[in-house]
Amino acid sequence: MSVLSQPHFHDEAKAYAFLESVVWAGGVVCPHCGVVGGRVYDLSGVRGSKSVKNPEGAIRHGLKKCGECRKQFTVKVGTVFEHARMPLHKMLQAVHLIVSSKKGISAHQLHRVLEVQYKSAWFLAHRIREAMRSGDLAVPFGANGGAVEVDETYIGIKKDAPHMRGGWGHKHTVLALVDRESGQSRWFHIDSAKFSNIQPIVLENISREARLMTDEARVYKPVGKQFAEHGTTLHGGHVYVDPTDRTIHTNTVEGAFSIFKRGMKGVYQHCAEHHLHRYVAEFEFRYNTRQANGIDDRGRAREALRGISGKRLT
Ligand SMILES: [Zn+2]
C-alpha cells in the first residue's frame, strides 16, 4: 500500500466522487444557474460519441443534471480541469505529486511518471498551479501587533536584458511577506525592487499595528515609518539577528526563499517571465500549507483541489 494506491487515483468514477466531495463540500453548485444544494440528478450510464477507440462511446463519469435549469454538468465545469482531456484520476495523481514535492516536480517527470505526453503534462502542471493561486486578499498580516517579515529575491534573467555588472536589474524580482504568528505568506512577482512597486503591496497587506522586519535596503525606510515598529538588520555588515533584540530578523522569509530558489534552479530550469507568477503561487501555496502549519500531503492536496473553481487557464 502507498498513498497513490487509494482508489480515486486509479478508478475514474471514484476520482469524480472524490473531487465532488472536496469541491462540493458545502452542497452541489450548478455552474450554469448557480443554485447551491438544489435538485440535482445523477445521469448514470450516459456515453459519449462513438469512436474507433470506444466503439460504444466512453462512459461520461460524474454527469449530473440540474433540476432548476435542466442543464447538464460535471464537477469539472468552470474549473481549471474543464477542458483537460486527461482522465481525472491521473490529474489527481499529478496534484498529489506536485503538492508533496517540496521543490516542485518538472513537467518531464510528470510525463514519465503519469505516462502522458510531455505537452499534456506541462499544461496540466500549469492548471494545477492556477488552482494553487490564492484568491482574494484576506485579513492583513500583523493585525495584533505581530512581526511581519518582508524581503525580495532575484532569480533568472529577463529576456533581452543586457547583462549588468552588479545590481539586479536584469533579473526577475519576487517580493514575499511572512506573518510570523500565523506562518502564512504572500508572494508577488514585481517588475523591480523600486519603492513604487513595493510600497503599495506592503501597505495593502500589512496592518499598521505590525512590527515590520526588513533588511537595511533603503527602499523599505519610508514605508517602514508607517508601522508601529520597523526592525532592520544590517545584512551588508553580516548581521542577521539584532544582538539587542533577537526578534528582529528576516530569517523566516529567507528560509522560504531558499526553498523557492533551489526549486526554481534545480527543478524548473527554464521559466518564461509570463509564467513566473504561477510558479511563485506554487511555492507560496506549499509554504502556507507546509507540515509546520499542521497540514500533511493529503490535506494539502485537498486544499489545492478546493482552489480549482472559478479559475480558467487562458
Ligand atoms: Zn442549474
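Two remarks on the source. Residues are numbered from 1 along each chain as its sequence is written. Because the model is predicted, local features need pLDDT of at least 70 and side-chain atom pairs count only at pLDDT 80 or more, while totals for chains, interfaces and linings use all residues.

I start with the sheet. Helices (H or I, at least four residues) and strands (E, at least two) are DSSP runs, numbered from the N terminus. Strands of a sheet pair through backbone hydrogen bonds, either parallel or antiparallel. Here, two strands pair if DSSP finds at least two bridges between them. The sheet is open, has five strands with mixed pairing, and its order is S6-S5-S4-S7-S8. S6 and S8 (229–233) stand at the edges with a single partner strand each, so one side of each has no neighbour in the sheet.

Now the pairs. S4 and S5 are antiparallel, with eight bridges, and Val148 stands opposite Asp179 in S5. S4 and S7 run parallel and are joined by three bridges; Ala147 stands opposite Arg211 in S7. S7 and S8 are also paired in the parallel sense, over five bridges, with Asp215 opposite Thr233 in S8.

Is S7 buried or exposed? A residue counts as buried if 20 or more other C-beta atoms lie within 10 Å of its own, the C-beta atoms being placed from the backbone. By that rule, five of the five residues of S7 are buried. In a regular strand the side chains alternate between the two faces of the sheet. In S7, Arg211, Met213 and Asp215 are on one side, and Leu212 and Thr214 are on the other.

Next, the cores. A nonpolar core is a set of buried Ala, Val, Leu, Ile, Met, Phe, Trp, Tyr and Cys residues joined through C-beta atoms within 7 Å. The largest has 32 residues, and Val148, Leu177, Ile206 and Leu212 are among those with the most contacts inside it. Elements giving it two or more residues include S4 (147–155), S5 (172–179) and S7 (211–215). Another core, of 29 residues, lies apart from it and includes Phe81 and Phe285.

Last, helix H8 (273–288).

Key:
Buried ≥ 20, exposed ≤ 12 C-beta atoms within 10 Å, placed from the backbone.
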